[in-house]
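This report describes selected features of one protein chain.

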Amino acid sequence: MKGKITPWTPPQLLVVTFIFFSILGMFLLKLPFATEEGISMLDALFTSVSAMTVTGLIVVDTGSVFTTFGEVIIMCLIQIGGLGIMSFAVLIFMMIGKKIGFKERLLIQQALNQTSVGGVIKLVKYLFYFSFTVEAAAVVLLATQWVPEYGWGRGLYVSVFHSISAFNNAGFSIWADSLMGYAGNPVVNLVISLLFIIGGIGFTVLVDLYKKRSLKKLSLHTKIMLWGTLIINTAAMIILFILEYNNPHTLANLSLFDKVQAAYFSAVTPRTAGFNTLDYGVMERDTIFLTILLMFIGAGSASTGGGIKLTTFIVISLSVFAFLKEKREIRLFRRTISEFHIFKALAVSMMSVFLVFSALFVMNISEKSAEFLPILFEIVSAFGTVGLSMGITGSLTDLGKSVIIIVMFIGKLGPLTLAFSLSRPDKEKIRYPKEDIMTG
């Protein structure tokens, strides 16, 4: 007698689909005409996963190792990974006229981290319309800088590549030094940073802003994201400007205007963007620790970025303050945050810390030639799908590369999604009496 086949849950389908596209990308990048001289299977997988997770960490130089075909494959993986595999599935369903059922809506809800199934199809439509419009506008603006420099064909291609990479918070660049050659270019700095800030705020916030168009009517999530982004970016910029002001390898030799530009860009890019106009390998240790914190926090929910998410960080912080003030509820903007979201924020944070420390333990054993701080920086960058590095990615051992691949994978899908894909919900049928324990 055949056993009953249990259908896959939405988290399981997301994980399997993501693995499928990552492996597909690996084989495409391994094709002879995708690279100039060929790369190993592990390096192809690393690049594919880095693109699908919109991380941007590279073990080989994108511009010199990959052909135009290879770069286009990377660009497609970035777009699919950034906007979501399920979102593209919905687009295809709509194009061929296929009805989108409840199961597909559950998948989209899981992929976009929504609280309910209602309205997810409309959200996907807004997502594509807004994303392609913003990317196209950015291409035009970037072309004003790069077409005169590289000519029409190359200039437009460079603009398209970096527009898609920036909006999806990928951090991939066709130049070995990322955007360090444009540290003093206000157009490149502003356009690229606005792209990854908009992409990192989250599509739910963007749709809410479009529909409400009034600060008073915005949802609590939107208000937290907007104010949180403004405060954390401003504070990070001021601190970084002060810390690096006299560093001869970063800001010291720049004009005041260029110092402000570079400090601003370096403060906002750790929020999962991955581009850099300064060399993180020569920054002050204080700045590196600040950057690690920013990368761990990450961007917004339902965005193209990673990390534990800004809302998670804020909920955890508010929980601590509420406990110290002996309050039983967390209130913000005349709203109360439910216990479920507090527990979820705590679960995400603890699982993320466990992941980072586990990876750190393994890589401290495998990467004997690297120092502790660059390894920690690399791991948090992978978890936050940021893509910044202190220069050790290319010299990692095969085990180190494999660890980073796993961390990027979990960082993109989210620790909870992976946990839910491996477990079944356990509904409690028996309740026991409460008893106090000593903590703290």
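## Nonpolar surface patch

Ile23 counts as partly exposed, because its relative accessibility is 37%. The model is a predicted one. In it, Ile23 has its place in helix α1.

Ile23 belongs to a nonpolar patch on the surface, which it forms with Ile19, Phe27 and Met41. Together these residues present about 340 Å² of accessible area. Helix α1, which covers residues 10–30, gives the most to this patch, with 3 residues.

How many cavities of 30 Å³ or more does the model contain? The count comes to 1. As for volume, the largest cavity has about 80 Å³. Rolling a probe the size of a water molecule over the atoms shows where empty space is left.

The lining of the largest cavity is made up of Asn169, Phe196, Ile197, Gly200, Ile201, Met225, Thr229, Asn233, Val268, Arg271, Ala299 and Gly300. Two helices, α9 (186–201) and α11 (220–244), each supply at least two residues of that lining. The largest share comes from α9, with 4 residues. Sorted by class, the lining has 6 nonpolar, 5 polar and 1 charged residues.

## Salt bridges

Side chains of opposite charge can pair when their charged atoms come close. The structure holds 2 salt bridges. One of them joins Lys401 to Asp43, with 2.9 Å between the closest N and O atoms. Lys401 is in helix α17 (residues 398–413) and Asp43 in helix α2 (residues 41–52), so this pair ties together parts that lie 358 residues apart in sequence. Are the two partners buried or exposed? Lys401 counts as buried, because its relative accessibility is 9%. Asp43 is likewise buried, with a relative accessible area of 11%; the cut-off for this class is under 20%.

Another salt bridge links Glu329 and Arg331, whose closest N and O atoms are 3.2 Å apart. Glu329 has a relative accessibility of 37% and therefore counts as partly exposed. Arg331 counts as exposed, because its relative accessibility is 62%; exposed residues are those over 50%.

## Positive phi values

Where does Glu326 lie? Its place is the loop between α14 (310–324) and β1 (330–332). The phi angle of Glu326 is near 60 degrees, a positive value in a residue other than glycine. With a relative accessible area of 73%, Glu326 is exposed.

Arg334 also has a positive phi, of about 60 degrees, although it is not a glycine. Arg334 is found in the loop between β1 and β2 (335–337). Its relative accessible area is 83%, so Arg334 is exposed.

## Contacts across the sequence

Thr222 has its place in helix α11, a helix that also supplies at least two residues of the lining of the largest cavity. Thr222 counts as buried, because its relative accessibility is 0%. The C-alpha atoms of Thr222 and Val205 are separated by 5.1 Å, while the two residues are 17 residues apart along the chain. Ile174 sits in the loop between α8 (152–167) and α9. Its relative accessibility is 6%, so Ile174 counts as buried. Ile174 and Phe66 are 108 residues apart in sequence, and their C-alpha to C-alpha separation in space is 9.2 Å.

Leu399 is found in helix α17, the helix that also holds Lys401. With a relative accessible area of 46%, Leu399 is partly exposed. In sequence, Leu399 and Val362 are 37 residues apart; in space, the C-alpha to C-alpha distance between them is 8.7 Å.

Conventions. Residues numbered from 1 in each chain as written. Predicted model: local features only at pLDDT ≥ 70, side-chain atom pairs only at ≥ 80, totals over all residues. Heavy atoms only, no water. Patch = residues over 30% accessible without salt bridge, like charges linked within 9 Å, V, L, I, M, F, W, Y side chains within 5 Å. Areas by Shrake-Rupley, 256 points an atom, 1.4 Å probe, with all protein chains shown as cover. Salt bridge = Lys/Arg side-chain N within 4 Å of Asp/Glu carboxyl O. Buried < 20%, exposed > 50% of the residue type's maximum accessible area, 1.4 Å probe, protein only. 1 Å grid on protein atoms, 1.4 Å probe; cavity = no way out; pocket = protein on both sides within 12 Å on 5 of 7 lines; lining within 4 Å. Points joined across faces, edges and corners; volume = space filled by probe spheres on them. Nonpolar A, V, L, I, M, F, W, Y, C, P; charged D, E, K, R; others polar.
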